[in-house]
Amino acid sequence: MSDTFWLSCHVDYACRHSGACCRAGWPLPVDTRVVEAIDAAVTSRRVPTVDGSVVWLRETPEAPEGMAGTFRLADGACVFHVAREAAGHGAAAARHCAVHATLGHEALPSSCQHFPRVCLVDTRGVRVALSHFCPTAAAMLVDATRPVTIVRGPEAVPGVGVPEGLDARDVLPPSLSDRVLMDLDALTAWEAHIVQALAGPLAWPGAVEDVLAQVAAQAADLARWTPGGASLTETIRGFAPAPDDALDGALSRDTSARDPFEPWTPEAAWALGREACRAPWTWPDPPANLAALDARWVAPAWPYVAPVVRRYLAGKAFGAWVTWQADATQALAAWLSLALTVLRVECARACAEGPRPLDRERLVTAVRQADLLLVHYADSAAMAAGLLPR
Ligand code: SF4
């Protein structure tokens, strides 16, 4: 696919071999296409395993077509995540992938080639978001100094063509509301509008919570759009930060069901997270003393880490699968609000270790943990299905 888009803060991503994916303990799928080459290299001792065994594949008879099984794990990590000296690279203590080091990127299974990319493919091209569970991606987000924009960039995975991810090329465009579909030009404008509002060169002022509330109010306006007047794209381009009184009105609405404008409480977020979580994973409960931890360690630092939080949310708006799995307006706004709540809880959890105030290290930990829950443990379709009041 010729058009590939990235967030500007991620476009220079390259694997730094942190090994977080290799040590995560999750099943690591192996495509049939790579088995022969890896097997030959292991049996000839050109590629070492961490424990010296030539057994590296857990064959899975029920694996889907094209898949042979999963990598054998040793102490919860892939057997190929070895100390560098074991592969003849000196005495450095750091570990790396023995398959990649000896056979190259092409010899890796598709899942290893793709991580941490979370791709959305549609007729506009490929959008490459990154999972911040990867420490390298998290550091790029936290340490970015420039405003975030959507930019063209390199192929998601070199040589792969169409990357794995959510492939929406043969489905109807996303919903604007339960009666109207959104055209893709408007979707592009809406996505850029939200990224701009949160973290762009003309990012809206104010607390991030207020920005999300304004986006949610605009999403509700957009969902009421009907043909005959300004086009959807013109309507979106006409949006500006809502005046404070409009925001007050939106936030004071009184409904018994969970309102899309209403920020997610940790209880509501975790109820959905537990429901959407894929076995055998679980969402660990928020800390028991969450309110006290937040007040002591997180709230005082929150204004100072706002640029990072805004970039994190821009990353959740960019190429968001929920746009296609639920809708592009109110469900997307609810997704951003949910992500904010999860990140804040994870900030408190990270600060509880120590305990210490929210600093860069704890912020990186929180961003990584939030994406572990939202991107990897939660089933995206189940999450999307629970975003709006039923
Ligand atoms: S094959 Fe390499 S990149 Fe893939 S999980 Fe194993 S060590 Fe990591």
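Tutor: A quick definition to start: axes are lines fitted to C-alpha atoms, and angles run from 0 to 180 degrees between N-to-C directions. Keep in mind, too, that this is a predicted model.

Student: Thanks! At roughly what angle do the axes of helix H11 and helix H13 cross?

Tutor: Helix H11 covers residues 302–317 and helix H13 covers residues 330–352. Their axes come within 10 Å, and the crossing angle is roughly 140 degrees.

Student: Which word describes how H11 lies to H13, and what is the handedness of the crossing?

Tutor: Angles over 145 count as roughly antiparallel and 65 to 115 as roughly perpendicular, with oblique for the rest once those under 35 are set aside as roughly parallel. H11 is therefore oblique to H13. As for handedness, H11 passes H13 in a crossing that is right-handed.

Student: How many residues of that contact are charged?

Tutor: H11 contributes Val309, Tyr312, Leu313, Lys316 and Ala317, while H13 brings residues including Trp335 and Leu343. Lys counts as charged. The contact divides into 10 nonpolar, no polar and, for charged, 1.

Student: Let's turn to Phe239. Is Phe239 buried, exposed or partly exposed?

Tutor: Phe239 sits in the loop between helix H7 and helix H8. A residue needs 20 or more neighbours to be buried, and 12 or fewer to be exposed. Phe239 has 19 C-beta neighbours inside 10 Å, so Phe239 is partly exposed.

Student: And how many charged residues are in the shell around the ligand?

Tutor: Cysteines are among the surrounding residues, including Cys21, Cys22 and Cys112, and so are His81 and His100. The shell divides into 10 nonpolar and 2 polar residues, and the charged ones number none: no charged.

Key
Residues numbered from 1 in each chain as written. Predicted model: local features only at pLDDT ≥ 70, side-chain atom pairs only at ≥ 80, totals over all residues. Near = placed C-beta within 6 Å. Helix = DSSP H or I, 4+ residues; strand = E, 2+ residues; numbered from the N terminus. Left-handed = near helix turned anticlockwise from the far one by under 90°. Contact = placed C-beta atoms within 7 Å.
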